[in-house]
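Student: Could you take a close look at the pairing of charged side chains here? I would like one connected account that then places it in its wider setting.

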Amino acid sequence: MAERQSPLEPEFHVGSHGNFEHGVEILLTETRPGSIVQLAAWPGEEKKLMEAIRTVTGLALPDGAGGGSSDGVKAVFGFAPGKFTVTDEAEGLALALTKAVTPAIGTVTDLSHGRTAIRIAGPKAEWVLSKFFAIDFGLLAFPVGAGRSTTHHDVFAQIQRTGTDQFDIYVFRSFARSFWKALCHASEEVGYEVQ
């Protein structure tokens with residue numbers, strides 16, 4: 001895998017920070033997937049696109065925007081009608097999807113070079129994210145595997161819940177450092193650890 005310099009590097013300080021005297025309630029890290037791909041289906045071709053995603057990744061998508069799934073290595077979620085984000089720890093996902101998704105079904109765009117993936121986990125993850133986004137992060141409204149597309153002060157973010165107390169956030173690389181600093185600041189109150 002070709003190593004790309006992280007945009008977080010100058011602000012990525014491993015260790016415990018903030019008010020952690022009673023324990024750390026947030027874990028923050030950059031996940032660095034090898035592939036981040038966005039797909040869009042032409043009207044009426046959504047089911048074929050979803051089947052192509054399942055064939056390539058082995059992950060089934062539930063119907064409807066926002067549904068998704070993850071197996072710990074690959075993840076997929078719908079963030080708008082007929083639009084999906086797919087990630088893989090390995091490189092090459094865009095090429096595999098391009099072979100499975102014909103031009104009659106939709107489009108495949110490799111965003112691996114243009115996005116940064118940040119993971120927030122811990123018992124206060126929902127609480128910290130609620131400081132940024134007007135979304136119900138409760139488990140019933142935002143189940144494991146589901147994804148949302150939103151913004152915070154003009155920073156576009158795609159969020160997938162990848163565990164009961166864990167979310168992966170994809171932001172433009174050009175905004176990643178600023179968003180990271182804000183996320184760290186928002187986590188200080190409950191104590192956080194950067195890994």
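Tutor: Relative accessible area, computed with a 1.4 Å probe on protein chains only, sorts residues into buried (under 20%), exposed (over 50%) and partly exposed in between. This is a predicted model, in which local features need pLDDT of at least 70 and side-chain atom pairs count only at pLDDT 80 or more, while totals for chains, interfaces and linings use all residues. Residues are numbered from 1 along each chain as its sequence is written, and side-chain values use heavy atoms, with hydrogens and water left out.

Side chains of opposite charge can pair when their charged atoms come close. Counting a salt bridge as a side-chain nitrogen of Lys or Arg within 4 Å of a carboxyl oxygen of Asp or Glu, a search of the whole structure finds six. One of them joins Glu51 and Arg54, at 2.4 Å from N to O. Both residues belong to helix α1 (residues 46-57), where they are three residues apart, about one turn of the helix; helices (H or I, at least four residues) and strands (E, at least two) are DSSP runs, numbered from the N terminus. Glu51 is partly exposed at 37%, and Arg54 is partly exposed as well, at 36%.

Another salt bridge links Arg161 to Glu126, at 2.5 Å from N to O. Because Arg161 lies in strand β10 and Glu126 in helix α3 (residues 125-130), this pair ties together parts that are 35 residues apart in sequence. Arg161 is buried, with a relative accessible area of 0%, whereas Glu126 is partly exposed at 26%. A further pair, Glu30 with Arg32, meets at 3.5 Å; here Glu30 is buried at 14% and Arg32 is partly exposed at 32%.

Asp168, in strand β11 (residues 166-172), is buried, with a relative accessible area of 5%. Its side chain makes a polar contact of 2.6 Å with that of Arg119, where a polar contact is a pair of N or O atoms within 3.5 Å, one able to donate a hydrogen and the other to accept it within protein, and residues adjacent in sequence count only if both atoms are side-chain atoms. Setting aside neighbours within four places in sequence, the residues in contact with Asp168 (heavy atoms within 4.5 Å) include Gln158 and Gln160.

The assignment, which is automatic or comes from a database, gives domain 1 (15-31 + 114-194) and domain 2 (35-110), with C-alpha centres 23 Å apart. Twelve residues from domain 1 and 15 residues from domain 2 take part in the contact. The two domains bury about 910 Å² between them, 57% of it on carbon and sulfur atoms, where buried area is the accessible area (1.4 Å probe) that two parts lose on being put together, summed over both. Gln158, Gln160 and Tyr170 supply 46% of the area that domain 1 buries against domain 2, more than any other three residues.

Returning to charge, the number of salt bridges between domain 1 and domain 2 is zero, although four residue pairs are in polar contact across this interface. On the side of domain 1 that touches domain 2, β9 (147-152) and β10 (155-163) each supply at least two residues, and β10 gives the most, with four.
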